[in-house]
Every structure is written in C-alpha cells, then in structure tokens.
Amino acid sequence: MFQATVRRRLVLAGFMGLAMCGTAAVTRALAAEDVVIGVIQPLSGPNAQFGIGSQRGAELAAEMINAAGGIKALGGAKISLVMADVPTPATAAAATQRLISQNNVSAVIGAFVSSTTLAASEVTERAGIPLVTFAFADQITERGYKYVFQVSPKGTVFGEAQFNSAIEIAKAAGDKIEKVAILYEDTAYGTAQAKGLRAAATKAGVQVVLDEAYPLGITDVSPLVNKLRASGAQMAFPVSYLNDGLLIIRALRQQQIDIPVVGGAAGYIIPDFKKGLGEYAEGVLSVAAASGDLIPELAAKYKEKYGTFITHEALIHAAALDAVVQAIEKAKSKDPEKIRDALATLDYCAGFARGVPGGCVKFDANGLNASAFPIMVQWRGDEPVTVYPPKAAKQKPVWAGKPVP
Amino acid sequence: MGRQAGALNRIPVAAPSPAGEGFLLPIPVDIMLQSLIDGILLGGVYGVIATGLSLVFGVLGVVNFAQAEFLMLGMYVAWFAWRYLGLDPLLGSVLSFVVVFVVGYLVQRLLIARVLKAPPAAQVFLTVGLLIVLENAALMLFGSDFRSVSVPYQVQGFRLGDIFVGAPYLYAFAAALFLSAALWLFLDRSWTGRAIRAVAQDPMAATLTGVDTRLTYGVAFGLGVALTAFGGAVILPYITVSPTIGGQFVVVMFTVVVLGGLGSVAGALAGGLVVGIVQSVSTLFFPIQLQNLCLFVIFIAVLALRPQGLIKGA
C-alpha cells in the first residue's frame with residue numbers, strides 16, 4: 001500500500017513534469033525582453049481552489065499591467081508568468097527548483113499554503129530569487145531569510161485580530177464572552193494562527209474551554225463538534241481550509257449549535273464556502289487579509305473575467321505581483337539580486353497595493369509588510385463584506401441576527 | 001449503578017486545559033454514549049465498504065488493492081447523478097451500484113481473470129496498476145476539484161435527550177444496513193449467491209456440479225466492487241469526493257477486513273463496527289490527530305495475537 005502511494009506520486013510527478021516542459025517551451029517562444037515571473041500555487045489537490053484563485057489574481061494583475069504599457073523602466077517590457085503546480089509541501093521544493101532552472105525568472109510569487117511556501121522558500125533563498133508570498137505562518141519571515149517578502153501580516157497577528165475583533169463586535173452588541181473554543185488544522189497555518197488566538201484570549205482574560213488541533217484531511221468532524229458542545233463555549237474560532245470548514249459548519253447545524261462562529265480566513269471566505277453551505281453561510285464572520293470592497297475597480301474586473309467575487313488570495317497576489325513590478329521599475333533591471341534590494345526598500349501606496357488593508361506595501365527588515373493589518377468580513381448574500389475595524393469597514397457587522405449599533 | 005451513572009451525568013464537562021492536551025476522567029455517560037453512537041453509524045458504512053473487499057478475496061483469492069478506487073468511482077457516479085439528474089445520493093447509490101457492477105464485471109473478465117492462477121506478485125502488480133490508472137484517469141477526467149453535494153438533510157439532526165444524531169450519518173447507516181441484509185439474502189437464498197459461495201469453497205467441485213465458474217468470478221468481483229461503490233455513494237452527503245479520496249479509505253478498509261478475518265463477509269461488517277467505534281471513542285481520551293494511531297495499535301495487536309481475525313467464519 002505504501003509503495004503504491006509512492007508510485008502514484010511518481011506517476012503524478014511525471015505528468016506534472018511533462019506539463020511543465022510544455023509551459024516552459026511556450027514561454028521561450030515569447031519576445032526576448034519579457035520579464036519572466038514564476039507563480040507557484042497548489043493547482044491540484046485539496047487546496048486547489050485557493051491556488052486557482054491566487055493564480056487568477058496574479059494573471060489579472062499581469063494583464064492589466066501589460067495593457068497599461070508594461071514595465072516602463074525597461075522600455076515597456078511585458079510581464080510573462082510561468083506557472084508551476086505545488087499540490088503538497090513534499091513536491092514544492094522540486095517543482096520550484098525546476099521552475100527556476102528552466103526559466104530565467106526574475107522573481108517568484110505564491111504558494112498560498114504556508115507549509116508549501118516554507119519548503120519552496122528554501123529553494124528560492126539558495127538560488128537568490130526573491131519570493132513574494134501571501135502565506136502567513138510566522139516562521140516564513142522569522143528565519144532571517146533575505147529573499148522572502150510577505151504582503152500580509154503574520155499568522156499570530158491574524159489569530160489575535162480574529163479574537164479581538166470578534167470580542168469587540170460582541171461587546172458592541174452587548175454580549176459578554178467568557179468562554180471560547182479554538183479548533184485548528186494542524187499544519188503551519190492553523191498552528192500559527194491558533195497561537196495568536198490563544199495569546200489574545202489569555203490577554204483578554206477569556207477562558208479557552210476547548211483548544212483542539214485536527215488533521216488537515218479530516219473526514220469526520222463529529223468528535224470535534226461533540227467536544228465543542230460539551231465545552232460550553234459561547235463562541236468558536238475554527239481555523240480551516242475549505243473541506244474541513246464546510247464539515248465543521250454542517251456538523252454544528254446538525255447538532256443545533258448556534259453559537260457565533262468566527263472563521264480564520266482561508267476556507268471561510270471563498271465562493272465554494274457559499275456553494276457548499278447555501279443559506280447557512282449567511283452571517284458567518286471571518287478574519288481576512290483583504291476584501292474586494294476595498295478596491296472596487298479591481299473587484300469588478302475580476303468578477304467580469306472569472307464570474308465570482310475576488311477572493312482575498314486573488315487580491316493579495318495581484319498586490320504581490322504589483323510589488324514585484326514596482327521593484328523592477330525602481331531597480332531598472334530584471335536581475336533578481338537588484339529586484340531584491342529594491343523590494344527591501346519599497347514603499348508603494350498606489351496600484352493594487354491599495355487593496356491591502358493599510359493601503360501600502362512596505363517591507364520591514366524581516367520582509368514583512370509592516371503597514372498591513374487583518375480585517376473582519378461577514379457573509380452577506382453571495383459575498384463577504386468588510387465589517388471591522390471601523391476605519392476599513394464598508395458595512396456594520398451583524399451579531400446574533402441583529403445589526404450592531 | 002444507575003444512580004452512579006446519573007451522578008456522573010451531572011458533572012460539568014468543561015475542562016480541557018488551555019494547552020489542549022488535558023481531558024477529564026471519568027467521561028460522562030452521555031458523552032460516552034454519543035461517541036458510541038457516532039462510531040456505530042460510521043462503522044456500519046465502513047462495514048459495507050469493506051465487505052466488498054472481503055468478498056473479492058474470499059471468492060477469487062485476489063487482494064484487490066484498487067478496491068478503494070471503485071469507492072471513488074461510485075462517489076463520482078452518485079455526484080454526477082445528483083448534479084445532472086437531481087438524484088439524491090441515497091437514490092444515486094443504486095445507480096452507482098449498477099454502473100460499478102458492470103465496470104467490475106468487465107474488469108474481472110478482461111483483466112483479473114488472466115492472473116487468477118498467476119503467482120500472488122502478478123496479482124498485486126495488476127491491482128496496484130489498476131489503482132494508479134483509475135486514480136490518474138479520474139484526475140484527468142474530473143480534475144482535482146473537491147466536489148460535494150448539497151441536500152437539505154445535510155444540516156439536520158435528531159435529538160434524543162442529550163444525544164444528537166446527524167441525519168446524513170443516520171441515513172447512510174440505514175442504507176448500509178439495508179444493503180447488508182440484501183446481500184445476505186442474495187448469498188443465502190439465490191442460485192447465483194449459492195454458486196458464489198460454492199466457488200469460494202471449492203471451484204473444482206462447483207464446476208462439476210454445473211456452476212459456470214468464469215461467470216461466477218465475474219459476478220463476484222462486480223458485486224464486491226459495487227458494494228464498495230454503494231458505500232461511497234451513501235456517504236456523499238457528509239464527505240467530499242476527489243480523485244484521491246481512495247487513499248483515505250484504503251487503510252481503514254484493510255484494517256476492517258483484517259480485524260474481521262480476510263474473506264469473511266460477516267466478519268467485515270463486525271470489523272467495520274469495531275473500527276468505527278474505536279475511531280470515535282478514542283477521541284474522548286486522545287487528541288483527534290491520534291484517532292488512527294489507536295486503530296493501528298489494535299490492528300497490529302490483532303495480527304500478532306489472532307492473525308485469523310477476530311471473527312472466523314463464512
């Protein structure tokens with residue numbers, strides 16, 4: 001059985017290799033002065049929805065930048081994206097290596113999934129290629145790497161914001177929360193964000209009555225929900241990708257648990273969440289790195305092209321690509337080393353950076369975008385809207401079915 | 001005793017430490033009962049899924065490593081039936097059963113039949129090869145998306161005092177029970193069923209009494225994979241399907257079959273219940289991540305101490 005798994009992987013890798021050779025050949029046929037930027041995303045496997053959304057964001061941004069005249073500092077050079085599929089952390093290093101060695105890439109963006117990004121960043125760091133990412137596990141920017149840049153805040157910051165914003169909204173609605181539950185998937189992303197949630201709860205003096213990690217591929221969440229019910233928590237903070245998120249919400253409804261659920265981004269704010277839950281998605285709150293209503297013109301373009309609302313991963317990857325382009329403009333070169341130096345001193349508050357809460361892309365010594373902050377979104381009909389903090393909110397939050405004053 | 005149980009019932013349950021590794025003993029009765037019921041509902045479906053694997057081994061003597069891929073196939077048939085015909089997966093499961101039966105029959109007659117008398121290594125290579133082909137064909141045809149159905153009872157549950165029973169789990173369990181009963185009737189009462197059992201016991205003697213063994217092998221294999229496909233279809237309301245879903249079930253399936261005794265149909269059902277209960281109840285004592293660890297410890301213990309399985313028989 002285990003051999004079978006290995007063989008399956010090998011066959012898969014083989015197919016992917018073929019597919020990659022194809023993309024590489026197409027790229028070479030393009031004009032010589034194009035600036036090649038690598039995009040690594042999980043385009044297959046359990047996190048494919050996120051990878052596809054991220055890729056679309058980067059594609060749309062590249063299209064719009066090219067249509068606006070390309071990179072001016074390089075005589076209107078066009079951006080050409082080369083894609084690589086990184087479905088799992090185990091395949092990330094090899095796929096990234098291949099992408100870099102077969103294409104003359106100036107920079108790499110992506111990987112969405114934190115554990116995958118960690119693996120890919122080992123390769124980009126050694127090769128001296130800047131990696132601009134949206135993945136936000138704390139380790140990504142805490143290893144002292146020179147070539148890693150992160151457009152969004154850290155995972156623990158997301159966890160803290162998820163907790164604090166929810167408590168603030170509850171307080172404004174006149175609800176005092178004393179007991180909460182934290183449920184999280186046990187890879188880099190969930191673990192980092194749960195750490196932030198836990199710290200914020202301790203600081204606020206709120207009791208965490210359930211603190212449970214679960215494996216990412218979980219198929220039966222009833223034990224988890226049984227524990228949640230027994231814990232007497234007044235609010236639940238699940239940190240999940242898509243399938244686990246859907247399973248959790250459905251199981252809550254089956255067991256008639258109606259406590260507020262405040263999601264931890266990822267699976268809670270993509271079109272598939274609404275598709276999978278229908279009316280039960282309404283009113284679900286989640287922390288997010290960005291939201292389409294912060295940059296309506298990009299959101300409208302995206303909807304026109306792909307038929308769904310722009311997800312935060314699409315938006316942040318558009319901003320990530322834009323940051324790379326601005327760095328190239330600044331460096332007046334497509335040399336990875338010079339782009340890195342330009343990224344390190346970038347201070348950009350226009351273009352797609354306006355979609356990032358805080359409105360700017362400016363990296364600190366660790367490569368973290370110091371000006372960005374997480375927001376809180378809430379499902380209204382077919383889209384999540386920004387409801388918190390007040391400085392970014394487009395609508396008032398709804399708590400327990402009533403609008404918060 | 002009853003009074004004691006009542007007293008335990010009232011112990012407040014909220015307890016885990018902030019770090020998450022703590023648990024309280026004793027476990028209150030209602031919580032215990034809840035996870036027992038969850039485990040039984042889960043285990044009944046495991047039973048049907050694994051019965052197919054057991055049947056194939058019992059009759060053909062072939063360990064079908066591709067069995068879980070037929071589960072995937074059954075799930076896709078039910079998904080497409082839901083998406084394009086509007087069939088509830090519980091009804092779509094009948095379609096899954098029929099379609100996968102035909103596929104299984106053809107696979108047996110065209111491929112498996114050629115290695116029935118070959119060394120076990122050849123049989124393993126064939127079924128593992130089949131696994132790879134089916135999984136990758138699904139990846140090419142359906143893409144790697146996760147697909148789930150949306151039915152009204154997905155978010156419904158029944159309440160019995162302090163016990164909650166999720167509607168999709170209950171319906172899947174009922175369907176699994178129904179199919180098990182039908183299988184028993186078929187094997188026990190029908191001529192074809194008796195022929196299958198006869199071939200399992202002694203193919204030569206069966207041939208001498210006028211049983212067409214080649215046909216019977218085909219039917220047995222088709223039936224085996226169709227049972228697994230049916231199990232896949234009925235759990236669609238609470239599970240999402242993807243081309244690689246088989247990987248999540250293959251280990252559970254083999255554990256069930258080994259617990260129940262390889263080749264034993266009744267054993268597979270009992271094994272399924274045991275696996276479901278172990279998975280569910282173990283979460284009361286250990287973190288959910290260790291759910292399958294407990295299972296495998298038992299699995300290894302059974303192999304070491306009672307290699308013929310917990311239940312021996314037909």
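In this predicted model, B:A198 has its place in helix α7 of chain B, a helix that covers residues 191-201. B:A198 counts as partly exposed because 18 C-beta neighbours fall inside 10 Å, whereas a buried residue would need 20 or more. Once its neighbours within four places in sequence are left aside, B:A198 is in contact with B:A206 and B:V211.

**Chain B: overall build**

- Chain B holds 12 helices and 2 strands, and from the N terminus on its elements follow the order α-α-α-α-α-β-β-α-α-α-α-α-α-α.
- The radius of gyration of chain B is 21 Å, which agrees with the value near 20 Å that a compact globule of 314 residues would have.
- Along its principal axes, the C-alpha trace of chain B spans about 65 × 50 × 35 Å.
- Within that span, B:A198 and B:P287 lie 46 Å apart, C-alpha to C-alpha, with a separation of 89 residues in sequence.
- Of the 314 residues in chain B, 50% are buried.
- When contacts in chain B between residues at least 6 apart in sequence are considered, 74% of them join residues at least 24 apart.

**Chain B: the crossing of α2 and α11**

- Helix α2 (residues 29-60) and helix α11 (residues 265-285) of chain B have axes that come within 5 Å of each other and cross at roughly 145°.
- The crossing of α2(B) and α11(B) is right-handed, and their contact comprises, by class, 17 nonpolar, 15 polar and 1 charged residues.

**Contact between chains A and B**

- On the two sides of the contact, 41 residues of chain A meet 41 residues of chain B.
- On the side of chain A that touches chain B, the elements giving two or more residues are α1 (2-29), β7 (207-214), α8 and α9 (242-254) of chain A.
- Strand β7(A) gives the most to this side of chain A, with 7 residues.
- By class, the residues of the side of chain A that touches chain B divide into 17 nonpolar, 15 polar and 9 charged.
- Helix α8 of chain A, which spans residues 222-231, is mostly covered, with 10 of its 10 residues buried; among them are the charged-class residues A:K227 and A:R229, together with A:L224, A:V225 and A:L228.
- Just after α8(A), A:G232 takes a positive phi of about 70°.

**Chain A: an open mixed sheet**

- Four strands of chain A form an open sheet in the order β9-β10-β13-β14, with mixed pairing.
- The edges of this sheet are β9 (262-263) and β14 (383-388) of chain A, and each has a single partner strand, so one side of each is left without a neighbour in the sheet.
- In general, strands of a sheet pair through backbone hydrogen bonds, in either a parallel or an antiparallel manner.
- β9(A) runs parallel to strand β10 of chain A (residues 285-288), and 2 bridges join these strands; in β10(A), the bridge partner of A:G263 is A:S286.
- Helix α6 of chain A (residues 155-172) lies across β9, β10, β13 (375-380) and β14 of chain A, and runs at about 140° to β10(A).

**Chain A: backbone exceptions**

- Most residues other than glycine have a negative phi, and most peptide bonds are trans.
- A:A111, in the loop between β3 (107-110) and α4 (114-127) of chain A, has a positive phi near 95° although the residue is not glycine.
- A:A111 counts as buried because 33 C-beta neighbours lie inside 10 Å.
- A:A266 has a phi near 30°, again a positive value in a residue other than glycine, and lies in the loop between β9 and α10 (271-277) of chain A.
- With 31 C-beta neighbours inside 10 Å, A:A266 also counts as buried.
- The peptide bond that joins A:Y388 and A:P389 is cis, with an omega of about -5°, and A:P389 has its place in the loop between β14 and β15 (398-399) of chain A.

Methods: Residues numbered from 1 in each chain as written. Chains lettered and ligands numbered in written order. Predicted model: local features only at pLDDT ≥ 70, side-chain atom pairs only at ≥ 80, totals over all residues. Pairing = 2+ DSSP bridges. Contact = placed C-beta atoms within 7 Å. Axes fitted to C-alpha atoms, helices over the stretch in contact; angles between N-to-C directions. Buried ≥ 20, exposed ≤ 12 C-beta atoms within 10 Å, placed from the backbone. Rg over C-alpha atoms; globule rule 2.2 N^0.38 Å. Left-handed = near helix turned anticlockwise from the far one by under 90°.
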